[in-house]
Amino acid sequence: MGRLIFICLLSISLFEGWMVQSVPYDHTASLECLSSPMRSLYKGGILQNSEFDSGLMGWLVPPGVKAAVNSSQSGNKFADAKNKGQPSRGVYQKIHLKTNHHYSLSAWLQVSSGTAVVKAIFKAPNGAYIGGGAVVAKAGCWSMLKGGMTAYSSGPAEFFFEADGATVDILVDSVSLQPFTFAEWKNHTSLSAAKARKSAVKVVARGADGAPLANAELSLKLLRPGFPLGNAMTAEILNIPDYEKWFTSRFTVASFENAMKWYSTEWKRGQENYSVPDAMLALAQRHGIKVRGHNVFWDTNNTQMAWVNPLGVEELKAAMQKRLSSVVTRYAGKVIAWDVVNENLHGQFYEGRLGANVSAEVYGQVAKMDANATLFMNEYGTLEWAMDLTAMASKYAAKMEQIRSYPGNAGIKLAVGLESHFETPNIPYMRATLDMLAQLKVPIWLTEIDVSPKTGPYQVEYLEDVLREGYGHPNVEGMVLWAAWHKHGCWVMCLTDNNFTNLPTGNVVDKLIAEWKTHPVAATTDANGVAELNLVHGEYTFTVTHPSLESATAHTLTVDASSSALEHAIDIKV
């Protein structure tokens, strides 16, 4: 009877692919309001005089605006555009856009008094105005705007800053606009995905006597991918085996489209019914699928039951407390996460009746009832639309800071939930927003991904772009599609027909699932008993065969990002 010692040394694989980027993408971002701005990214890119060291050279001044370059006490130079009316504008540049290029934008902004939302806007070659991003700018300190846009045609264009609904002077510094070809952008996404989602594994096989086993045959099987990819699930899955098979063979995470929502469990006051979400949870558990709790409350006016709307303050508080105790305690320890107060920026139903701190109080109560669950601030518009001024990154971050700074909420497990309901995606803005929200230092998930059929023949292409961008960003920790199947049709995007045969959207999802699970299936150790493998994160079975072993031996090993700091010695007895 022999004994095999199986040692795994893991380290992060930094690069994959043969293409070399001439200009690497810069993920630098900041949510802080600083006394002095950072330097321009990319040395300003295609913009002239990006830090105003040469006065206003290269910059133009809108009609009715007076502008000059001023200096701070530290000697930092910046442009100061003084406005007497609306719209308040900053200095601008004329640029030349190139067909099929992504443009990464950043700037540091300040206003003369109070606070104001300042937008970055492009006037495209065809005369259309395209939003590039926005930030809440403040007086007395510098805030970073990070965004971008995609050019589908070439020609002269303009790039400018404008305050939304305020008369303020706009101070600008450290501006950059960096172009990337589609191929360069795609290559960066691939390299980033390889770095974030794979690790280089060094396998050392030794026999019982400690001698290396040369020419040992290794076979590998990925049991479960490490990156969570899910989909919305509907109650129809309980009665349709083909639906169950289709769903459970693809996804490792589920959000119940409606079944766990308050209006589904207590449509009539005092008549609670959890039979459907209970059954759906049991089905998911049978297949090892993790479930997100969606949701505890929904903050928009049009999603409340008829009996909730007329409740007075004390009655509403009591109804909310009952709902909290009912749903959270019922599923505590059974779900991995909660969408706590859904769409908390666009909706103000509870804040409008119970005060500005009610959401923060709810987060604190959910954390006490289900200490192991991650609590998501789930919102739409933040990632999808550069000009959604209600849910832009700086406002999203401010709301999250309000929640976690509320007395008693220190240390609760918060996370960023970005719904991701896209039409034509602004991919540079999407990446920039992820960069910004990564500064919150909490997990980020894309929670309800779909692409509108209004995009016509581009729907599949855009869906793939969004999924690749999410998977490739180093700070995204999971993704859930919002393609819940109904026999009468899906909310926005279906992946299958009513026979559970994939539509083109489903095919592209399957293609990516297969790609993201691709790994070496076999290897042979060298003369030193070593085999080096580059593996996507996940749970594996390693099987080893060698003439000195009476039979093949197998062991389960989890490969993840933290594995790089560990040395795995696996002692397999045969």
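User: What volume does the largest cavity have?
Analyst: This is a predicted model, and the volume of its largest cavity is about 70 Å³.
User: Which elements give two or more residues to the lining of that largest cavity?
Analyst: They are the strands β7 (129–138) and β8 (143–151), together with the helices α8 (393–405) and α9 (427–437).
User: And which residues line the largest cavity?
Analyst: The lining consists of Ala 134, Val 135, Met 144, Leu 145, Lys 146, Met 392, Ala 393, Ser 394, Tyr 429, Thr 433 and Met 436.
User: How do the lining residues of the largest cavity divide into nonpolar, polar and charged?
Analyst: Eight are nonpolar, two are polar and one is charged.
User: Changing topic, how many cavities of 30 Å³ or more does the whole structure hold?
Analyst: The search finds three of them.
User: How much space lies in the second largest cavity?
Analyst: The second largest cavity holds about 60 Å³. Among the residues that line this cavity are Trp 262, Tyr 263, Phe 297, Trp 298 and Tyr 350.
User: Which element gives the most to the lining of the second largest cavity?
Analyst: That is β15, with four residues. The strand spans 290–298, and α3 (262–265) also supplies at least two residues of this lining.
User: What is the division into nonpolar, polar and charged residues there?
Analyst: The lining of the second largest cavity has seven nonpolar residues, three polar ones and one charged residue.

Key:
Residues numbered from 1 in each chain as written. Predicted model: local features only at pLDDT ≥ 70, side-chain atom pairs only at ≥ 80, totals over all residues. Heavy atoms only, no water. 1 Å grid on protein atoms, 1.4 Å probe; cavity = no way out; pocket = protein on both sides within 12 Å on 5 of 7 lines; lining within 4 Å. Points joined across faces, edges and corners; volume = space filled by probe spheres on them. Nonpolar A, V, L, I, M, F, W, Y, C, P; charged D, E, K, R; others polar.
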